[in-house]
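Biologist: I would like to learn how to read a structural model with some care. Could you take me through one, feature by feature?

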Amino acid sequence: MAQASAPVNPSTLLPLELVDKCIGSRIHIIMKNEKEIVGTLQGFDDFVNMLLEDVTEYESTPEGRRITRLDQILLNGNNITMLVPGGDMPDA
């Protein structure tokens, strides 16, 4: 007899499963070096190295906030502090 699969409770997802569900979506990434990046997640590996497209990079400098737009970027997972799925940078 086949067992019916229960609906997936988001709180039971493993972290990489949650990141996998974000592929194709916008994601807000906070880096260790005070930079914040918003882009569309194209893919990632087991080390959470990430490929993003349509990227906006926000960097706080003594002169103010610097904004850089990039078509594509490959992020090293070691430098990522926090991921915010579906997040966009607040206008602050």
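Modeller: What follows goes from the overall layout to the strands, the core and the charged pairs. This is a predicted model, in which local features need pLDDT of at least 70 and side-chain atom pairs count only at pLDDT 80 or more, while totals for chains, interfaces and linings use all residues. Residues are numbered from 1 along each chain as its sequence is written, and side-chain values use heavy atoms, with hydrogens and water left out.

Biologist: Which elements does the chain have, and in what order do they run from the N terminus on?

Modeller: Helices (H or I, at least four residues) and strands (E, at least two) are DSSP runs, numbered from the N terminus. Here the chain has 1 helix and 5 strands, and their order is α-β-β-β-β-β.

Biologist: How many bridges join β1 to β2?

Modeller: Two strands pair if DSSP finds at least two bridges between them. In this chain β1 and β2 run antiparallel and are joined by 5 bridges, with I27 having G39 in β2 as its bridge partner. The hairpin of β1 and β2 has 3 residues between the strands, and E34 takes a positive phi near 70° there. β2 also pairs with β3, again in the antiparallel sense, over 8 bridges, and F44 stands opposite M50 in β3.

Biologist: Which residues of the largest nonpolar core touch the most other members?

Modeller: In soluble globular proteins, nonpolar side chains tend to be buried together. A nonpolar core is a set of buried Ala, Val, Leu, Ile, Met, Phe, Trp, Tyr and Cys residues joined through side-chain atoms within 4.5 Å, where buried means under 20% relative accessible area, exposed over 50% and partly exposed in between (1.4 Å probe, protein chains only). The largest core has 13 residues, of which I29, I37, L41, M50, L52 and L75 touch the most other members; β1, β2, β3 and β4 each give two or more residues to this core.

Biologist: How many salt bridges are there by the rule, and is D54 buried or exposed?

Modeller: Side chains of opposite charge can pair when their charged atoms come close. With a salt bridge taken as a side-chain nitrogen of Lys or Arg within 4 Å of a carboxyl oxygen of Asp or Glu, the count comes to 3. One of them joins R26 to D54, with the closest N and O atoms 3.4 Å apart, and this pair links strand β1 to strand β3 across 28 residues. R26 is partly exposed at 26% relative accessible area, whereas D54 is exposed at 52%.
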